[in-house]
Amino acid sequence: MAKPGRVESSLRRKVEAGEKLFFLLSDPEKPLEVDTVVQFEESGADALLIGGSLNVTPYDIDEYISSLRAEGVKLPIILFPGGLNNIAKSADAILFMSLLNSLDPYWLIGAQVSAAMLVKRLGLEAIPTAYIIIGHGGAAGHIGRAQPVPLENAYIVAAYAAAAELLGFRAIYVEAGSGSPTPVPLDAVKHARAAIEDTLLIAGGGIKTPEYAKNVVESGADAIVVGTLAEKNPGEAIKILEAIKRK
């Protein structure tokens, strides 16, 4: 397996130093304003995730990234692909994901086979990531034909997380779904953390308050993802960023 690249290594160094990570998520169909991204970067965000939308082309994403770079945004930009149409050459890295609890082999391995040579050709840094959907699941759960882990049975996440680590994934993304009415459950984060060792643990979906965000990282998440709230109320999302960065 390829060793971690520049972006992943930089994030890992922060985690090893005891820092918690904040990933800002922007849907390329309705991207965050450049000024908003700049505000998050200045407040200490660690990376910008772009992706998850069906109604975009790689050219749309490249154009958006170009607009960010033109305004001096230096954040690592990582693709969070909702499909092959989200793979764009101007990003720094890509979460090369397998949706572990999908009932459709396409989302387990088919999409990855289709994307692999393109990712290599474009020179994108790949971060092998296991994607696990819990509870509500949102659009990602619907499109990915996931069988979400029930909220009341969060302990099942431990088995998925352990399997992901043994299979060689270097990151695990536990997701309640974009805009989920219920946030990613703390028990799921705790069970995942207890089952793995040095795998990066990312949690997202429905995180809306600084208090809950702190609980998520205290439960064992190395990074949290905030998207919908950043779009609707950037000021509140920045409070979350500041809360998890506060020692």
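**Exercise 1.** Which strands and which helix do the buried residues of helix 3 pack against?

*Solution.* Let's take this predicted model step by step.

Step 1: Find the helix. Helix 3 covers residues 58–70, which makes 13 residues. From its first C-alpha to its last it reaches 18 Å, close to the 18 Å expected at 1.5 Å a residue.

Step 2: Pick out the buried residues. In helix 3 these are Ile61, Asp62, Tyr64, Ile65 and Leu68. They sit on the same side of helix 3 because they cover an arc of only 160 degrees around the axis.

Step 3: Recall a rule about helices. An α-helix has 3.6 residues a turn, so residues three or four places apart point the same way.

Step 4: Look for the partners. The buried residues of helix 3 pack against strand 1 (21–26), strand 2 (47–50), strand 3 (77–79) and helix 2 (34–43).

**Exercise 2.** Describe the largest nonpolar core.

*Solution.* Step 1: Start with its members. This core has 59 residues, and Phe22, Val37, Phe40, Ile172, Val174 and Ile224 have the most contacts inside it. Helix 10 (residues 234–245) gives the most to this core, with 5 residues.

Step 1: Zoom in on Ile224. Leaving out residues up to four places away in sequence, Ile224 touches several residues, including Phe22, Ala203, Val217 and Ile240.

Conventions
Residues numbered from 1 in each chain as written. Predicted model: local features only at pLDDT ≥ 70, side-chain atom pairs only at ≥ 80, totals over all residues. Heavy atoms only, no water. Helix = DSSP H or I, 4+ residues; strand = E, 2+ residues; numbered from the N terminus. Expected span 1.5 Å × (residues − 1). Buried < 20%, exposed > 50% of the residue type's maximum accessible area, 1.4 Å probe, protein only. Arc of directions from axis to C-beta. Contact = heavy atoms within 4.5 Å. Core = buried A, V, L, I, M, F, W, Y, C linked by side-chain atoms within 4.5 Å.
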